[in-house]
Amino acid sequence: MAANDLERIDYQDFKQNVLNGIKTLQPEEVASLIDRSSFEEQKRLFNELPPDIAVRTFEFLPFNTQKAIIQALKPEGAAHILKEMAPDDRTAFLEELPSASISELLKLLPIEERALALKLLGYPENSVGRLMTTDYIAVKMDWTVQKVLDYIREFGHDSETINIVYIVDDEGKLIDDIRIREFLFAPLNKQVKDISDRKFVSLSAYDDDEEAIKVFLRNDRIALPVIDKQGFLLGIVTIDDVLHLINEEDTEDFQRVGGSEALEDPYMQVPFLELMQKRAGWLVLLFLGEMLTATAMGYFQDEIAKAVVLALFVPLIISSGGNSGSQASTLIIRALALGEVTVKDWWKIMRREIFSGLFLGSLLGAIGFLRITLWSVFTPLYGPHWLLVAFTVCFALIGVVLWGTLSGAMLPLILKKFKCDPASSSAPFVATLVDVTGLIIYFFIASFIMKGTLL
């Protein structure tokens, strides 16, 4: 069923489809329908689902909807959902709950599943261990291809993915990972060791989840094994979890770049007071920073009084510096996130931005000079010393844009060096910094060029 058909489905249609056993909807489509319903309808819709569809649908629901539904279910219903969920999806759900709620829900699980859930929750927050699942296919080196295929047929239905088969020794240490296609096209009597090259890419359970993103981006894989310090295979991380993680990381970065703290829930589900708290902090900080602009203007009030024409170009100067700084900051933050640059590349980045700042500043400076020159032909707005004003604006734009690009490029690297989030050097923060320093650059250049005339 097409996605736009969901808009035409009401509860009665949905209920009739389920009762008749007509599986016309994908789990993600059912989850979308449930999420758009009222709380009472959510419970009613979810209870109508067959058990197997209910589990798959639950995994696609937003956390707040999951929490509401699991609390509304009877203990046996909640136990079924938690038991049948993939270990990584269950961990992602449980880690968002308060400790008391986690304890109550874990009591509903069988002993083995409870131990597994506690093990995964025991890994550090935002680590690969929290992302991995223990549902995978592992075979031995001395197995034949026939035995491997028979094993996959018997046990593969419980695996997160069968595209990759993992090779372990008798102790459980990872030796290799082989694509399923290698087994499909190999002679049935051939042994695993005959097609193994003993080369693999892996993650550590204690790696930061950002490291997982980088490794997946560098390697064309749909799943990666997770090992401990001794090389024992602990689980796997699949591409769907990493794509979800990338979406979360990108969302947080975009929000921080926009001058706000990252939201933990979707925009429409964040309580109003929490939303204000996330936004007010940065706005107050940026406002206090902009107050320094007034201080800088006050310091140069004598110059402004003598040459009022200088005040006309203040918005032009500081906005150009802020825009150039925001450009550079955004480019470097994204390059850091994608692993295109590192802190060690600071000199290459600085050198590149120096030339970029000089080029862009000269371009804007030339346009500013031309604008003042043309206006002075038709109007005495800029007075008899219009040429000095034009040179002042031209050189000020070069200086401010150069400073803006350098500030915007270096701040993310400095924050990264001190283990802070580079996205915190957001466009508004860089713009505020360059606003203040841009005024100082502008008026110092004006004092130098206009000394003995207007000043």
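Which residue in β5 does Leu203 stand opposite? Select Leu203 and look across to β5: the residue opposite is Val226. Bear in mind throughout that this is a predicted model.

**Stop 1**

Take the two pairings in turn. β4 and β5 (residues 223-227) run parallel and are joined by two bridges. β5 and β6 run antiparallel, and five bridges join them. To find one of these, select Ile227, whose bridge partner in β6 is Leu233.

Next, show the turn. β5 and β6 make a hairpin with five residues between them. Gly231 lies in that turn and has a positive phi of about 90 degrees.

Is β6 largely enclosed or largely open? It is largely enclosed by the rest of the structure, because six of its six residues are buried.

**Stop 2: helix α5 and its cover**

Select residues 63-72, which are helix α5. The buried residues here are Thr65, Gln66, Ala68, Ile69 and Ile70.

**Stop 3: Leu82**

Move to Leu82 in helix α6. Leu82 has a relative accessible area of 1%, so it is buried. Leaving aside residues up to four places away in sequence, Leu82 touches Ile70, Arg90, Phe93, Leu105 and Leu109. Ile70, one of these, is also among the buried residues of α5.

Leu82 and Ile318 are 236 residues apart in sequence, and their C-alpha atoms are 56 Å apart in space.

**Stop 4: α7 against α9**

Select residues 87-94 (α7) and 111-121 (α9), which pack at an angle of about 65 degrees with their axes 10 Å apart. Their crossing is right-handed. From α7, the contact is made by Pro87, Arg90, Thr91 and Leu94; from α9, by Glu113, Leu116, Ala117, Leu120 and Leu121. Six of the contact residues are nonpolar, one is polar and two are charged.

**Stop 5: two loop residues**

Go to Asn126, in the loop between α9 and α10 (128-131). Asn126 has a positive phi of about 65 degrees, although it is not a glycine. Most residues other than glycine have a negative phi. With a relative accessible area of 44%, Asn126 is partly exposed.

Then select Lys419, in the loop between α20 and α21 (427-450). Lys419 also is not a glycine and has a positive phi of about 65 degrees. Is Lys419 buried or exposed? At 78% relative accessibility, it counts as exposed.

**Stop 6: helix α19**

Finish with residues 346-378, helix α19. How far apart are its end C-alpha atoms? They are 47 Å apart, which agrees with the 48 Å that its 33 residues should span at 1.5 Å a residue.

Colour the buried residues of α19: Ile349, Glu353, Gly357, Gly361, Gly365, Gly368, Ile372 and Ser376. To see what they pack against, show α18 (314-338) and α20 (386-417).

Terms used
Residues are numbered from 1 along each chain as its sequence is written. This is a predicted model: local features need pLDDT of at least 70, side-chain atom pairs count only at pLDDT 80 or more; totals for chains, interfaces and linings use all residues. Side-chain values use heavy atoms; hydrogens and water are left out. Axes are lines fitted to C-alpha atoms, for helices over the stretch in contact, and angles run from 0 to 180 degrees between N-to-C directions. Helices (H or I, at least four residues) and strands (E, at least two) are DSSP runs, numbered from the N terminus. A crossing is left-handed if the near helix is turned anticlockwise from the far one by less than a right angle, and right-handed if clockwise. Contact means heavy atoms within 4.5 Å. Ala, Val, Leu, Ile, Met, Phe, Trp, Tyr, Cys and Pro count as nonpolar, Asp, Glu, Lys and Arg as charged, and the others, Gly among them, as polar. Buried means under 20% relative accessible area, exposed over 50%, partly exposed in between (1.4 Å probe, protein chains only). Two strands pair if DSSP finds at least two bridges between them. The expected span of a helix is 1.5 Å times one less than its number of residues.
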